[in-house]
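Below is a short briefing for a reader new to this structure.

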Amino acid sequence: MNFLFIFTLLLAGAVTLPAQVSYERILRAEKEPGNWLTYSGTYQGHHYTTLNQIKRDNVGDLQLKWVFQARSLEKFQSTPLVVDGVMYLTHATNDVAALDARTGRTYWTYHHKLPRDVSLCCGLVNRGLGMLDDMLFMGTVDGHLLALDAKSGRLRWDVTVADYHSGYALTMAPLVVKDKVIVGTAGGEYGIRGFLEAYEAKSGKQVWRFHTVPGPGEPGNETWAKDSWEKGSGSAWLTGSFDPELNLLYWGIGNPGPDWNGSVRQGDNLYTDSVVALDPDTGKLKWYFQFTPHDVWDFDAVQIPVLLDRTFQGKMRKLMLWGNRNGFYYVLDRTTGEYLLGKAFAKVTWAEGLDDKGRPIRRPGGEPTPEGNKIYPSVQGATNWYAPSYHPGTGLFYLGVWEYATVYHRGDPTYTRGNRYIGSFPVIPYPDIVTDEDPGYGAIRALDAETGVMKWEYKMTGLTESGLIATASDVLFSGNMEGHFFALDCRTGELLWRVNLGGRVANSPITYLVDGEQQVSVAAGNSLYTFGLRQ
Amino acid sequence: LSLATAFISDLRCPLKLAITLFLLTVSAPAHLAQEGSTTNKSNSSDDIVAGSRIFQSHCLGCHGRGGTGGRGPDLTRSELRYGNSDQELTGVIGEGIPGTEMPFFFFNGRQLQQIVAFVQSLRQSSPRIQVKGSAENGRVLFRGKGGCLKCHQVNGEGGRLGPDLNQVGARRSPDHLKTSLLEPNQYISPVDRTVHVVTRGGKGLSGIRLNEDTYSLQILGADENLVSVMKSDITKYKLDDNSLMPSYKGVFSEKELDDLVAFLYSLRQKEARP
């Protein structure tokens with residue numbers, strides 16, 4: 001009798017057990033704010049939640065719930081996923097863990113063993129996972145894409161996307177769209193030829209590839225002198241956004257190579273430093289907009305595209321908001337790529353402004369020189385890859401900002417396979433408040449999404465590599481490189497609460513529900529910290 | 001001496017100028033034999049020039065122009081933490097240093113040797129500088145007339161408000177040392193800057209700024225005590241552009257200055273190795 005009962009349950013389960021994260025769930029992720037189903041929370045990349053238990057007047061009651069310590073001292077840049085009480089996260093170098101989101105205890109861990117000779121410009125980092133049904137997807141710094149079983153952590157499939165010996169790596173969180181997993185490659189400092197690829201989620205079979213640097217015969221190849229396209233870089237190391245209605249995938253593309261010496265790659269160098277809009281079914285390019293033609297400062301357009309529908313200059317439009325590493329804030333029409341607005345949100349000395357098509361008007365003398373030339377923004381940009389946030393209630397676009405200059409040098413662009421191909425080096429990529437003469441400062445800024453005008457600023461002594469998340473209850477969470485995690489008032493920028501976590505905050509905080517109660521998780525140093533309201 | 005003409009063509013670049021001057025002043029490559037090792041077969045002047053080009057594009061970001069350090073260590077020192085021989089340097093560059101920011105590189109054998117030759121050339125250039133004073137006389141002046149121990153530490157003795165001088169000879173040139181004695185405000189390392197604050201209670205505090213973030217400030221006070229101040233309690237904050245160090249212009253004779261510089265330049269205490 002008992003056996004029959006169990007068998008019946010198993011059979012029923014086998015037939016009716018719903019897939020854990022269906023595509024339909026991701027499509028409607030904003031309807032279930034208790035979970036965090038995809039890298040940016042939703043396909044629109046708002047980093048905003050309708051959860052409102054944590055408010056301006058009780059955020060001071062936040063207390064530490066648990067800490068997860070990674071087994072590596074690498075930077076913790078990963079943003080977790082949370083699905084029905086289970087947190088899935090990556091931690092350096094390429095481990096995956098499933099945690100009980102209530103306690104931080106581990107269900108399982110998967111370890112991807114790396115070859116010893118992996119070399120990456122900026123740390124052996126990983127930024128997170130994609131998920132579809134009961135599978136998790138992770139890119140690795142040795143160029144693989146893995147699919148894991150979400151329940152057991154066992155490997156389902158493993159494909160080689162690119163050869164790490166040539167400088168390719170996967171550091172971004174894959175994006176799941178329909179039945180496909182989409183990834184791009186890092187390696188923009190190694191003379192790679194960047195690309196985005198889509199794989200069948202079930203099998204790992206490649207479906208399409210889009211080269212971010214067009215080859216001979218393809219439109220855009222004429223923007224590269226001679227054969228410079230072959231080592232043109234154009235990495236794609238951050239997750240894109242998706243508009244299901246327009247069926248368009250939006251992705252930010254990285255710098256051209258070599259970074260600081262453009263003499264060997266005369267031309268605009270498409271599609272580096274651009275946003276590309278692709279058909280997710282075929283990988284075909286629908287439109288592009290290049291923020292920094294012929295970049296010689298390393299201004300990757302590697303930021304999260306923020307998609308929203310709202311009135312712009314009196315007319316309802318499908319917009320894309322973009323706070324770019326080059327120091328300008330942009331509003332584009334995401335149906336066509338039409339430039340609508342551009343305005344500097346930080347000090348910019350490499351350009352005098354933007355023309356009426358959004359093309360930068362370069363300032364004479366604003367380029368790297370052999371002797372070194374001090375230019376704003378810094379080599380890490382006026383902002384970078386960490387998530388901005390858009391709050392529909394305030395109409396404000398929030399982003400982390402660096403007010404800091406770099407002395408840019410131009411040197412020899414020497415290419416050797418697998419080594420850096422950058423054409424000299426900017427000295428001091430990360431300033432130190434105590435040891436550097438002119439360390440600049442960091443800030444969280446709130447821009448009017450329609451005009452780009454700054455509404456408030458929260459100034460910090462140090463810089464920030466933290467993303468942001470805004471809540472419907474007007475609390476804005478972020479952190480900084482000093483190790484502080486804090487909450488600001490979305491409307492005024494007033495500091496509401498802070499805690500010193502002791503290590504650099506270098507991921508984007510998320511919020512979700514466990515047992516119906518709102519939690520906030522953020523990484524600092526090599527650990528993930530989770531806070532909830534005191535009971 | 002067969003110098004690479006490409007280098008001579010652009011002497012505006014400080015690194016190129018330094019290399020060119022160095023190559024002009026020593027009879028390379030014979031003088032480039034390294035301590036404990038003569039294994040490098042690619043150490044001709046052309047190899048050094050080739051190595052410097054690779055250094056510029058791959059190493060300069062961390063080790064600074066001229067290899068004098070930055071985010072990474074100063075490579076011109078006579079003692080390097082992970083080894084001084086060609087073989088050891090080749091291993092460090094070719095394999096990286098696990099647990100540090102020093103990455104693995106894919107250079108071929110010849111390229112590795114060229115970089116090693118260049119790094120060794122930087123290290124060879126530094127100790128060749130001759131000073132004219134007497135280090136022993138300088139030591140007496142340092143401890144006596146100069147009163148330097150009041151603020152500086154050497155061999156575990158002395159105050160803490162000024163920079164520790166145990167390795168100053170490995171880090172600073174004689175000219176730089178002399179300038180620091182005569183015009184101490186000309187160069188102040190940011191880590192040695194003095195901060196003056198006034199708290200809400202009207203209390204004034206001065207000292208060396210050890211650390212600072214958005215919310216607080218950590219100071220080594222004038223009485224050599226560690227002090228923490230919350231920024232919310234500060235009404236006035238000033239980071240001083242002047243050094244606490246007095247000028248010794250007119251205090252020491254020219255010969256005494258040379259002796260003091262000779263003493264300071266002799267301070268090359270080895271770093272403790274784990």
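**A buried threonine, a covered strand and an interface**

Thr49(A) counts as buried because its relative accessibility is 3%, where buried means under 20% relative accessible area, exposed over 50% and partly exposed in between (1.4 Å probe, protein chains only). This is a predicted model, in which local features need pLDDT of at least 70 and side-chain atom pairs count only at pLDDT 80 or more, while totals for chains, interfaces and linings use all residues. Residues are numbered from 1 along each chain as its sequence is written, chains are lettered from A and ligands numbered from 1 in the order in which they are written, and side-chain values use heavy atoms, with hydrogens and water left out.

**Around Thr49(A)**

- Thr49(A) belongs to strand β1 (residues 48-49) of chain A; strands (E, at least two residues) and helices (H or I, at least four) are DSSP runs, numbered from the N terminus.
- A polar atom of the Thr49(A) side chain lies 3.0 Å from the backbone nitrogen of Leu51(A).
- Setting aside neighbours within four places in sequence, Thr49(A) is in contact with Pro33(A), Ala470(A), Thr471(A), Ala472(A) and Thr511(A), contact meaning heavy atoms within 4.5 Å.

**Strand β37(A) and its partners**

- In strand β37 (residues 527-533) of chain A, seven of the seven residues are buried.
- Strand β2 (residues 62-69) of chain A pairs with β37(A) in the antiparallel sense over seven bridges; two strands pair if DSSP finds at least two bridges between them.
- Strand β36 (residues 517-524) of chain A also runs antiparallel to β37(A), joined by six bridges.
- Thr530(A) in β37(A) stands opposite Trp66(A) and also opposite Ser521(A).
- β36(A) and β37(A) form a hairpin with two residues between them. Gly525(A), in the turn, has a positive phi of about 60°.

**The interface of chain A and chain B**

- Contacts join 37 residues of chain A to 31 residues of chain B.
- The two chains bury about 3,000 Å² between them, 52% of it on carbon and sulfur atoms; this is the accessible area (1.4 Å probe) that two parts lose on being put together, summed over both.
- Zero salt bridges are counted between chain A and chain B, a salt bridge being a side-chain nitrogen of Lys or Arg within 4 Å of a carboxyl oxygen of Asp or Glu.
- On the side of chain A that touches chain B, the elements giving two or more residues are β30 (454-460), β33 (484-489) and β34 (495-500) of chain A.
- β30(A) gives the most to that side, with three residues.

Definitions and conventions: A polar contact is a pair of N or O atoms within 3.5 Å; within protein, one must be able to donate a hydrogen and the other to accept it, and residues adjacent in sequence count only if both atoms are side-chain atoms.
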